[in-house]
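Thanks for asking me to look this one over. Here are my notes, in the order I would go through them with you at the screen.

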Amino acid sequence: EVKAQLSQMHTYIGALVGDYRLAMVTYRDREDEYLTKQEPFTTDYYRILNFVERVNASGGDDIPEAVFDGIKVAVEYLRWRRNAFKVVLLFGDAPPHERQVQAWRSLAGRFQRRKGVIHTIYTDVGARAGTLENDGQKPVAAFRSIARYGGGSFTFIDQESEIVRAIQLMIFGKEHAAEVERVQAQLDFGWRGRHIRRKIKERNIKWLLDIFRKRERV
């Protein structure tokens with residue numbers, strides 16, 4: 001599912017943000033084949049895609065995973081540009097180790113003070129709010145908490161449009177939330193959607209905002 005959503009997120013981000021880079025960190029646990037792996041920041045989307053394609057989910061003899069170690073590599077070991085707006089998308093279906101709760105809370109708080117934000121995506125497909133079984137409640141609560149301390153949002157993997165929407169709002173600013181909603185609603189409909197997608201690819205943000213403001217006044 002993560003692999004499937006990566007391409008769509010890249011399409012939206014690439015259309016809306018001219019100067020952006022991607023990196024990737026994977027994590028398992030201390031007794032597994034490896035603890036963390038990373039692909040450094042790059043403007044080459046296909047390097048990231050190739051890295052992701054080589055990832056296989058395995059291990060997991062116990063439920064908690066090295067979530068803290070994955071976050072630590074992402075926010076402290078990757079070479080972020082000083083003045084960049086820093087966004088981490090944390091995907092997972094297992095909670096961090098309880099002994100590391102205070103550590104990841106502090107880490108997420110420091111990252112937020114450095115113009116960073118951590119969004120969390122729970123990857124257990126079909127585990128939407130209100131349908132969780134008991135064994136799914138703990139990791140969901142942990143991922144909600146990480147997002148809260150990281151200044152971000154929590155969502156489920158099968159609500160990927162919410163991830164894209166959150167990224168769009170960070171690009172445009174929350175004051176333009178209504179306009180972003182209207183653009184999103186029309187992207188997949190006929191000639192108007194194709195026209196809007198072309199304007200997005202041209203990064204014509206002024207046109208997008210102006211056209212919907214005019215429509216509001218009418």
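The points below go from the whole chain to its sheet and then to one residue.

1. Please keep in mind that this is a predicted model. The chain has 218 residues, and 44% of them count as buried. Its accessible surface comes to about 12,500 Å², with 49% of that belonging to carbon and sulfur atoms.

2. You will find nine helices and five strands here. Starting at the N terminus, the elements follow the order α-β-β-α-α-β-α-β-α-β-α-α-α-α. Among contacts with a separation of 6 or more, 71% are between residues 24 or more positions apart.

3. Now to the sheet: three strands make up an open, parallel sheet in the order β3-β4-β5. Because β3 (86-92) and β5 (151-156) stand at the edges with a single partner strand each, one side of each has no neighbour in the sheet. On average, neighbouring strands are turned by 15° against each other, direction ignored.

4. Seven bridges join β3 to β4 (residues 116-122) in the parallel sense. Leu-89, for instance, has His-119 in β4 as its bridge partner. Helix α4 (residues 101-113) packs on this sheet and touches β3, β4 and β5, its direction making about 130° with that of β4.

5. Finally, have a look at Thr-43, in the loop between β2 (36-42) and α2 (45-53). Is Thr-43 buried or exposed? Its relative accessibility is 66%, so Thr-43 counts as exposed. Beyond its neighbours within four places in sequence, Thr-43 is in contact with Tyr-20 and Arg-21. Gly-14 lies 29 residues away from Thr-43 along the chain, and their C-alpha atoms are separated by 10.0 Å.

Technical notes: Residues numbered from 1 in each chain as written. Predicted model: local features only at pLDDT ≥ 70, side-chain atom pairs only at ≥ 80, totals over all residues. Heavy atoms only, no water. Helix = DSSP H or I, 4+ residues; strand = E, 2+ residues; numbered from the N terminus. Buried < 20%, exposed > 50% of the residue type's maximum accessible area, 1.4 Å probe, protein only. Contact = heavy atoms within 4.5 Å. Areas by Shrake-Rupley, 256 points an atom, 1.4 Å probe, with all protein chains shown as cover. Pairing = 2+ DSSP bridges. Axes fitted to C-alpha atoms, helices over the stretch in contact; angles between N-to-C directions.
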